[in-house]
Amino acid sequence: MNPLLDRLQPYPFEKLRVLFADVTPNPAYKPISLGIGEPKHPTPKFIQQALSDNLNGLASYPSTIGAEPLRAAIAGWLERRYGLPPLDPATQILPVNGSREALFALAQTVVDPSQADALVMCPNPFYQIYEGAAYLSGAQPYFVNSDPARNFAPDYRSVPDDVWPRVKLLYLCSPGNPTGAVLSLEDWKELFALSDRHGFVIAADECYSEIYFKPEAPLGGLQAANILGRTGYPRLIAFSSLSKRSNVPGMRSGFVAGDAAILKKFLLYRTYHGGAMSPPVQAASVAAWNDETHVVENRAKYMAKFQQVTPVLQTVLDVALPDAGFYLWAKVDKLANISDTDFAKRLYAEYNVTVLPGSYLARDAHGSNPGRQRIRMALVAEVEECLEAAQRIAAFCRGL
C-alpha cells in the first residue's frame with residue numbers, strides 16, 4: 001500500500017461522529033444540522049430540464065477536455081463576471097468534476113516527487129483536501145494561520161524567508177472556508193511577486209465567489225492578475241464550481257482556468273486519471289453558466305437569511321457577517337470558558353443542533369490552532385430552519 005496514505009487525518013465529519021458517539025440528543029427538538037456545507041436551496045428547474053433533455057449523451061464516451069460549448073460557456077461567464085479579456089477556451093479552460101477532485105489532482109501535476117523538501121502552502125483553517133493533496137504528492141503541507149486582525153485572511157508576511165524557496169504550490173481560498181475572508185488586490189500583488197521570485201503555482205479556490213453580502217462582488221484571482229497586467233496568468237490556476245452558485249452539488253461540475261502551460265500538463269494527467277465529465281452534466285452546466293438570474297435570486301436568499309440569523313447569534317457569540325460564503329465563524333467563549341468541542345457536544349446533546357468545532361478545520365501550527373474556541377455554522381438550509389437553530393444556540397449560550 002502507498003505509505004503516504006497513513007499521513008492522512010480523519011475528515012472533520014468523522015471526528016464529529018466520534019465526538020457525538022456517546023451522546024443522545026434531546027428528543028424534545030427535531031435535529032438541525034449546521035455542520036456540513038452542502039447547499040440545500042432547490043436546484044433550478046431549467047438545469048434539471050437540461051440534464052434530462054440530454055440523457056442520450058450517456059451513449060457516448062466524453063472527452064477529457066470537454067465539449068466546446070461548455071468551455072465557451074465557462075469562458076463567457078469568466079469574461080462577464082471578472083471583466084477579463086477574451087479567453088481561449090481550447091487552452092485556458094478545462095471542465096472538471098467539481099472543484100474538489102481538481103484541487104486534489106493539481107498537486108499531483110505540479111509537485112516534483114523527487115524533491116524531498118517540497119512544501120505545499122495552505123491557509124489555516126483550511127479545506128482538508130489541500131493537506132491530503134500535499135501529502136499524496138510527496139510534499140509536506142505548510143500552514144499559514146489566519147489573522148483576525150486582517151479579517152481572518154492568512155498572514156503571509158509571517159512566513160520566514162527561508163520557507164518560500166521550498167514552496168511549489170500555494171492553495172488559497174477566497175472567499176475563505178470557513179472564515180469568508182476575501183483577498184484584496186494588495187494581497188494578490190504580494191502573492192504574485194512571491195510567485196515570480198520563487199516559481200510556485202497558485203491554486204485559487206473560488207467556489208464561494210457568488211455568495212456575498214457587499215455591493216461589490218469578491219475579487220477573483222484571474223481578475224486581480226488582469227488588473228495588474230499579468231498577461232497569460234502565469235503560474236495561476238483558478239477553480240470554480242456550480243455546486244454553491246447554482247445549488248447542484250450532486251452534479252459535480254466545475255472548471256479550472258488560467259495558465260495555459262500548466263493546464264496542458266494538467267489535461268495530460270487527467271486523460272490518464274479518467275477525469276471526463278458526463279455529456280448530460282456538460283449540457284446542464286452550459287445552461288447553468290449561461291444564466292445569471294437564478295444566481296442573483298440565490299444570493300438574495302442567503303442575504304435575507306444572514307440578515308435575520310446573525311443578529312440573533314451576535315447577542316451571545318463573538319460573530320460577524322462575513323465578506324462572502326455561507327458560513328458563520330464564531331468565537332464561543334464570549335459567555336463562558338468553553339472549548340469548541342465541548343460547545344458542539346453540549347449543544348448537540350441539549351438542543352439537537354450540529355455545528356462543527358473550529359479546531360477540526362485547522363492544525364496546530366506556529367504555536368496555536370486558529371480554529372480553537374471557534375465553531376463553523378453552515379447556513380445552507382431555508383431561513384426558517386436556520387433561524388430556529390440560531391434561537392436554540394442563543395438559548396444554549398444563555399444557559400452557560
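Me: What share of the residues count as buried, and what makes a residue buried here?

Reply: This is a predicted model, and of its 400 residues 56% count as buried. The label goes to a residue with under 20% relative accessible area.

Me: How do you know that the radius of gyration agrees with a compact globule?

Reply: Put the two values side by side. The rule is 2.2 Å times the number of residues to the power 0.38, and for 400 residues that lands near 21 Å. The protein has 21 Å, so the value agrees with the rule. Along the principal axes, the C-alpha trace spans about 60 × 55 × 45 Å.

Me: Why are E2 and E5 called edge strands?

Reply: Look at the order of the open sheet, which runs E2-E9-E8-E7-E6-E3-E4-E5 with mixed pairing. Strands E2 (93-96) and E5 (153-154) each have a single partner strand, so one side of each is left without a neighbour in the sheet.

Me: What makes E4 and E5 a pair?

Reply: A pair needs at least two bridges, and E4 (residues 140-147) and E5 are joined by two bridges in the antiparallel sense. So they meet the cut-off. Pro154 in E5 is the bridge partner of Ser146. Also on the sheet is helix H9 (residues 260-273), which touches E2, E7, E8 and E9, and its direction makes about 35° with that of E2.

Me: Which residues of H11 are buried, and what do they pack against?

Reply: The buried ones include His294, Val295, Tyr302, Phe306 and Leu313. The buried residues of H11 pack against helices H2, H8, H10 and H13, along with strands E10 and E13.

Me: Why is Leu321 called partly exposed?

Reply: Buried stops at under 20% and exposed starts at over 50%. Leu321 has 40% relative accessibility, so it counts as partly exposed. Leu321 is in the loop between H11 and E10, and leaving out residues up to four places away in sequence, it touches Phe213, Phe306 and Thr310.

Methods: Residues numbered from 1 in each chain as written. Predicted model: local features only at pLDDT ≥ 70, side-chain atom pairs only at ≥ 80, totals over all residues. Heavy atoms only, no water. Helix = DSSP H or I, 4+ residues; strand = E, 2+ residues; numbered from the N terminus. Contact = heavy atoms within 4.5 Å. Axes fitted to C-alpha atoms, helices over the stretch in contact; angles between N-to-C directions. Buried < 20%, exposed > 50% of the residue type's maximum accessible area, 1.4 Å probe, protein only.
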